[in-house]
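Please look over the sequence and the structure before reading on.

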Amino acid sequence: MTIAIDCRLIGQSGIGTFIENVMHYMVERTDQEFVLIGDKDCLSTYAERTNCRIVECNYGSFTLKELFCFPTKEVNRCDAFFTPFFNIPLGIRVPIFSMVHDVVFFDVEGVCSPIGKLIRRVFIQRALNISEAVFTVSDFSRQRILHHFHTSQSIKVVPNGLSTELLNYKATHRPVKERSGIVFLGNIKRHKGLLVLWKAYERLIKERQDAPMLTIVGHINFRTKDSEMMETIQANKEKVRLLTNASNQEVYDVLSHAACLVSPSLYEGFGIPPLEAMSFGTPVIMSDIPVYKEIYGKFPVTFFETGNSEDLYSCLRELPPSPVSIDEQTSSTYHYQNTAELIINELLSMTQK
């Protein structure tokens, strides 16, 4: 079987991390052949693999060139096409397998414009209509897709995992003994709940002169950023450290040295930072949103009531005193090798009927 994979998002965070790591394990299946579509430089490590062939394509997502100029002739010579997103080019005649990671655009106001929401609705509905199967990263996201899109489509859950880059970092760095500081990791947008964290932290620093420093590691999108939170950060530089556009190595350094990670999100499709933090033994305090209860309910985390800064303050006041251990749980449940196997097996079963 030959599988074409859309790899154009490799090198970007979020979905790019997902496809990069899933593909890393998919191509280890030497009983299958792969056509990797994307930037040749990003895919150069696969050029020498006998079961891989690279097809250059750098057209951006949701563009006319993507729709009409994508290398569909190459795809149609394959047995199946897998894309990690719901933007499917025109003219593909082989079985299509696509992904909808979340539907935050429809569940949270202000994440995108009305036009952007309409465009996404059209693309997602089309993906549901023409795909043999659609994947998502949590049962919560699966249910929300079904809520917004009435479809009989098969939606399969294939969870996120720890990246190979993080695992390699762990293999070359000794565990940290001395930990300090509170860390927030995520985009600075309103639905990430950073303002809830700040209100709790503000009370903490008023009551304790030795309160740990708060480090915010995140990407700022100037269209959807949390402006109120950005003003607060700028006014409190002596108490808050802001790291934007940090490399993965810098993120791992911060996570591995932190006393705890706080994830106060009001909405997530999965939420990877808590998994990454705990892989370093870093304790996690998180909101009790449904997807966090689904993903992390059996992990050694501390939940607080979503949006309740007083409840979060109570948790911060009694920070977990010792590191956590989750290696066995992550290797058995949230590992991209398992995710890759789930996807390949689904492709095989659906195309060989």
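## The sheet

Two strands are said to pair if DSSP finds at least two bridges between them. Strands of a sheet pair through backbone hydrogen bonds, either parallel or antiparallel. In this predicted model, 6 strands make up an open sheet, with parallel pairing and the order E10-E9-E8-E11-E12-E13. At its edges are strand E10 (240-243) and strand E13 (302-304), each of which pairs on one side only. From one strand to the next, the twist averages 20°.

## Strands E12 and E13

Strand E12 (residues 284-287) runs parallel to E13, and 3 bridges join the two. Met-286 has Phe-303 of E13 standing opposite.

Helix H13 (residues 309-317) lies across E12 and E13, and also across strand E8 (182-185) and strand E11 (260-263). The helix runs at about 155° to E13.

## His-101

Where is His-101 found? The residue sits in the loop between strand E5 (96-99) and helix H4 (104-107). His-101 counts as buried because its relative accessibility is 12%, and buried means under 20%.

The side chain of His-101 reaches the backbone oxygen of Pro-84 at 3.0 Å. Pro-84 is also among the residues in contact with His-101 when neighbours within four places in sequence are left aside.

Technical notes. Residues are numbered from 1 along each chain as its sequence is written. This is a predicted model: local features need pLDDT of at least 70, side-chain atom pairs count only at pLDDT 80 or more; totals for chains, interfaces and linings use all residues. Side-chain values use heavy atoms; hydrogens and water are left out. Helices (H or I, at least four residues) and strands (E, at least two) are DSSP runs, numbered from the N terminus. Buried means under 20% relative accessible area, exposed over 50%, partly exposed in between (1.4 Å probe, protein chains only). A polar contact is a pair of N or O atoms within 3.5 Å; within protein, one must be able to donate a hydrogen and the other to accept it, and residues adjacent in sequence count only if both atoms are side-chain atoms. Contact means heavy atoms within 4.5 Å. Axes are lines fitted to C-alpha atoms, for helices over the stretch in contact, and angles run from 0 to 180 degrees between N-to-C directions.
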